[in-house]
Amino acid sequence: MPAVAAPSLHGPAPQRPGQHQGQRRERRRGPKQPSGQRRLRTRAGDGDGQPVSGAPIQPSPGRVPARLRPPLTCAHQAQVAADQHQDSGRTEVRGDRSHGQAQLLIEPGEEEGAGGRLSGWAGGLSRRVGARWQSGGRGSRSGSGAPRRDPHSTDSVQHGPNSNDCSHLTLLSFGGLWPGNEVLREGSFVVEKRKLCHVLAGYEAALPITEKSNPITRELDKADPAQIVQLLRDCDAEIFQEEDEALVNYKRLYSESVLKTMIDIIGKVQEVLKEPDNTLIVLSGGGASGRLAFLMAVSFNKLLKGLGQEPQYTYIIAGGDRSLVASQEGPEDSALLGIKDLNMVCEGKKKVIFFGISCGLSAPYVAGQLDFCMNNLDIFVPVLVGFNPLSMARTDKIEGFHSTFRQVAERMEKLQESHRAFILNPAVGPEGIAGSSRMKGGSATKVLLETLLLTAHKTVAKDSEISEKCLLEILRTYERAHKVTYGQSKKIAALVKQAGTSLQKKAYVYMVGWHTLGIIAIMDGAECIPTFGADINDVRGFLIGDRSEMFNREADLIAQGPKFAFSEEDFVKTILPSLTELDTVLFLFTMDEMVSESECLTIFCSPTDDLVEVEKLAVEVKEKTSNVQALSHGTVGQYLPASLKKLFSSIISITWPILFLEYEGNFIQRFQRELSTKWILNTVSTGAHVLKGKILHNYMVDLKVSNSKLFARAITILQRFTGHSQAKCLEALLQVIYHPEPLSEEIRTAEVSKHIAVATDQSKASGRRAGLFASFLSKRGRGSAGRVVPTALLCLLRNCPVPEARSRLDASTSLRAALDAALNAPGRKRAAKPAESEEQST
């Protein structure tokens with residue numbers, strides 16, 4: 001079967017002398033660094049109060065024993081080539097910034113034992129690092145290799161007897177915190193950690209930014225509700241982090257190149273808005289990205305309607321409208337389905353602006369659509385939106401398609417030079433839950449595209465020039481919304497605790513929202529299923545209010561069974577009668593009223609009508625459970641009626657300043673409230689699952705293996721916590737998926753899509769499928785999508801069969817407790833928690 005892209009925990013096995021990742025090493029002599037050249041000497045721990053540090057490690061000739069390998073916080077080794085300046089003893093280590101490697105300068109002291117300096121940069125969203133090391137040759141104090149502490153550095157690095165022999169260096173990168181007073185020895189280097197500290201931000205170098213583990217949330221699984229809110233708040237704040245010397249590796253939201261690209265795209269959008277006949281603006285994506293495409297298309301069509309104009313926006317989501325309210329990840333893997341859906345929507349149009357959203361630059365569904373656009377540039381202007389550099393775009397083969405996502409993106413990059421295609425891909429940092437792009441990636445998508453499109457509408461309406469200032473004004477408004485939202489952190493934490501209590505007691509959390517806040521509630525609930533392996537009712541959203549002209553095919557959603565329930569009628573008829581005292585119900589509404597320029601067209605129902613409906617439904621819910629909460633948005637001077645306030649056990653009331661803006665500008669207020677609600681719901685649902693024990697560190701270890709991206713992520717997680725090779729982790733995953741069927745060669749060599757079909761048990765006889773898989777599904781009766789990854793992880797950690805692993809999970813108080821027990825089981829050496837000695841495959 002094709003290799004699944006998943007990085008090894010410790011990198012490739014050490015190469016023979018003179019080799020570097022299978023290639024001959026080249027050595028060059030070079031002049032000494034000019035004395036006037038600026039050095040990078042940011043001390044470890046400088047900057048934002050979160051120390052960073054790192055040190056090169058010289059590998060020993062043979063395989064390093066497991067007991068000497070890095071502990072759980074270690075992510076990857078990044079092999080780098082070294083240029084040794086023998087005359088000066090100065091060693092320069094060079095690597096590719098775009099691939100998360102490093103460039104370090106190691107300067108020995110003038111005398112043996114005198115020490116030296118380590119400086120340079122590391123890839124990823126990094127901080128420059130400066131550290132000192134002490135030479136441990138014959139002049140060392142102990143003479144036996146014991147480290148000598150430099151009081152001016154977080155790290156103490158002891159060089160071996162041949163302190164100038166750095167012909168092959170390995171940079172260790174870490175993701176997270178290193179327990180205090182740990183000592184790592186490998187070869188002739190020693191690194192001693194004196195503090196809890198973040199190490200070089202080039203951690204997990206082989207992973208794209210959107211899949212990395214964020215050091216901020218490294219201990220999220222041990223946090224209480226207040227800490228959970230604080231940690232996720234800090235992660236969300238990274239969206240607005242500006243470009244500075246510490247982040248020179250990647251474009252950011254405020255980078256000049258990103259703003260310039262936005263202005264170029266706005267020019268293309270203006271052309272469509274000025275000539276609405278037979279033109280269209282399409283927003284497309286899979287999963288969370290597709291739901292955001294739906295939300296934005298609805299919002300901007302409402303804006304046009306308020307101006308007396310016809311709708312010009314539409315959305316496409318992989319799997320159709322059913323994917324808006326239910327978790328369906330499989331269609332995201334089909335590039336051909338994406339092309340078919342796009343062609344159907346755009347038939348007969350003479351000009352189309354197409355926004356393909358894929359946060360990780362990975363979705364085959366979007367790749368196919370972008371490729372189709374580039375083959376029809378007389379009609380389409382394709383725009384790719386994501387949050388990884390192009391060098392980190394997915395390179396896996398797409399089944400049934402001729403290109404990888406990387407190849408599609410690189411083709412777009414060439415077309416961007418002539419303004420025939422565009423790529424918007426600022427880096428916003430790793431997610432609070434590794435890989436969960438529904439969170440920060442989704443929020444950044446909303447901020448980026450709403451800013452761009454709103455500016456286009458505003459400049460067309462006012463016949464004004466597009467300016468960077470206009471973009472910055474709107475972006476700063478979203479940034480202020482972050483501060484306003486998390487100003488309610490204490491109440492958000494209380495809601496996290498309440499929701500967590502409901503889930504821990506096997507009860508449910510329901511979110512009932514009016515208008516677009518209801519859409520955000522539906523989005524959040526649907527996304528919990530693949531992220532946390534949640535039950536369909538664990539966290540669920542419902543839309544209250546008028547939904548006319550929202551959906552492409554509403555008929556696909558109405559009366560389609562409990563899986564697709566989303567409306568007020570569904571909540572009242574199916575959920576309300578079954579509510580218990582243990583359930584939590586959260587009401588989401590706004591007190592604002594938006595009107596058109598002529599003040600004759602109401603965009604929202606009047607506040608009075610909405611609040612009457614809220615009170616009526618709250619009274620009915622209150623009869624079933626006392627855990628009735630509210631999130632309300634209003635402007636200064638607006639207050640909830642006393643009769644309504646007394647119905648809620650807790651209210652998060654967010655008050656926004658009054659903005660005196662023209663009609664298009666009023667939508668900024670609406671978008672602020674939507675984003676604020678999204679941040680809060682993401683925090684509540686994530687925090688509740690953390691408290692339930694569904695997260696290990698900051699990894700979604702109970703994810704649903706329901707498409708190729710999640711399949712690859714599952715293998716990465718297994719490698720991350722076991723240290724086993726990719727091949728062994730794949731074998732363990734397949735054993736769990738196909739249990740009790742033995743793994744035949746036919747199974748092992750099958751396409752990944754076949755494994756996913758069995759894992760999710762959603763595969764039907766579509767096209768030609770090997771009889772083995774059809775008979776297997778019918779024999780087994782039901783798929784094993786639930787707990788596939790934690791079961792495989794326990795099998796690897798405890799070296800036990802699948803039935804025993806499942807029994808241990810069932811007997812444990814929580815999933816995290818079972819995995820923690822395995823990681824800390826007697827006989828597992830502390831320094832090798834995640835890393836059993838196993839030769840890594842590349």
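Trainee: Is Cys346 buried or exposed?

Mentor: Buried means under 20% relative accessible area, exposed over 50%, and partly exposed in between (1.4 Å probe, protein chains only). Cys346 has a relative accessible area of 7%, so it is buried. Cys528, at 1%, is buried as well. This is a predicted model, in which local features need pLDDT of at least 70, side-chain atom pairs count only at pLDDT 80 or more, and totals for chains, interfaces and linings use all residues. Residues are numbered from 1 along each chain as its sequence is written, and side-chain values use heavy atoms, leaving out hydrogens and water.

Trainee: How many disulfides are there?

Mentor: A disulfide is a pair of cysteine sulfur atoms within 2.5 Å. By that rule there are zero. For Cys346, the nearest cysteine sulfur belongs to Cys373 and is 7.2 Å away.

Trainee: In what order do the strands of the open sheet lie?

Mentor: Strands are DSSP runs (E, at least two residues), numbered from the N terminus; two of them pair if DSSP finds at least two bridges between them. Here five strands, paired in parallel, follow the order β19-β18-β20-β21-β22. At the edges, β19 (539-544) and β22 (650-656) each pair on one side only. Strand β18 (residues 509-514) is joined to β19 by six bridges, and Gly513 stands opposite Leu543 in β19.

Trainee: What is the mean pLDDT of the protein chain?

Mentor: pLDDT is the predictor's confidence in each residue, from 0 to 100. The chain mean is 75, with 66% of residues reaching 70 or more.

Key:
Helices (H or I, at least four residues) and strands (E, at least two) are DSSP runs, numbered from the N terminus.
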